[in-house]
Amino acid sequence: MKRYHCAVELAVDLIGGKWKPVILAHLKEGAHRYGELRRRMPGVSEKMLTQQLRELAADGVVRRVEFAGRVPHVEYHLTEVGEELRPALQALYEWGERRAAAAGITFEPAPEPERP
């Protein structure tokens, strides 16, 4: 088992990096299919998104749900553990908004999700 010397070290190990917090922020809004996440995160490669989702699922933060049918698909949801991150994710979002406003940074709107 890996050893940690600080709770923040553990947290950053589980949800740190460039893409995991962004994935979690989108899943905080509700379940998303893989393709929806790709459209909302145009800067991430398919390989990286897949890897990050697998790691988050292995760590129990995200749940992958497969749906059979004529058109099988997969959705990703926050688990109970992931839901516990909601206040931290909201705080990061609000902090980022304040920093952007102070620096005059504007955000590109996320592409609209496709409707089935």
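I'll start with D13, which is partly exposed, with a relative accessible area of 34%. Before going on: this is a predicted model.

The side chain of D13 forms a salt bridge with that of K2, at 3.5 Å from N to O. D13 sits in helix 1 and K2 in the segment before helix 1, eleven residues apart, and the pair links distant parts of the chain. K2 itself is exposed, with a relative accessible area of 52%. As background, side chains of opposite charge can pair when their charged atoms come close.

How many salt bridges does the count come to? Five. I'll go through two others.

One of them joins the side chains of R40 and E29, at 3.4 Å, N to O. R40 belongs to helix 3, while E29 is in the loop between helix 2 and strand 1, residues 32-33, so this pair ties together parts that are eleven residues apart in sequence. On accessibility, R40 is partly exposed at 21%. That value is just a label unless you have the cut-off in mind: buried means under 20% relative accessible area. E29 counts as exposed, at 53%.

The other is between the side chains of E83 and R86, with an N to O distance of 2.9 Å. Here E83 is partly exposed at 33% relative accessibility, and R86 is partly exposed at 31%.

Now to helix 4, residues 46-58. The helix has 13 residues and reaches 18 Å from its first C-alpha to its last, close to the 18 Å expected at 1.5 Å a residue.

Which residues of helix 4 are buried? They are L49, Q52, L53 and L56. These residues cover an arc of only 100° around the axis, which puts them on the same side of helix 4.

On the face of helix 4 turned away from its buried side, the exposed residues are K47, R54 and A58.

Definitions and conventions
Residues numbered from 1 in each chain as written. Predicted model: local features only at pLDDT ≥ 70, side-chain atom pairs only at ≥ 80, totals over all residues. Heavy atoms only, no water. Helix = DSSP H or I, 4+ residues; strand = E, 2+ residues; numbered from the N terminus. Expected span 1.5 Å × (residues − 1). Buried < 20%, exposed > 50% of the residue type's maximum accessible area, 1.4 Å probe, protein only. Arc of directions from axis to C-beta. Salt bridge = Lys/Arg side-chain N within 4 Å of Asp/Glu carboxyl O.
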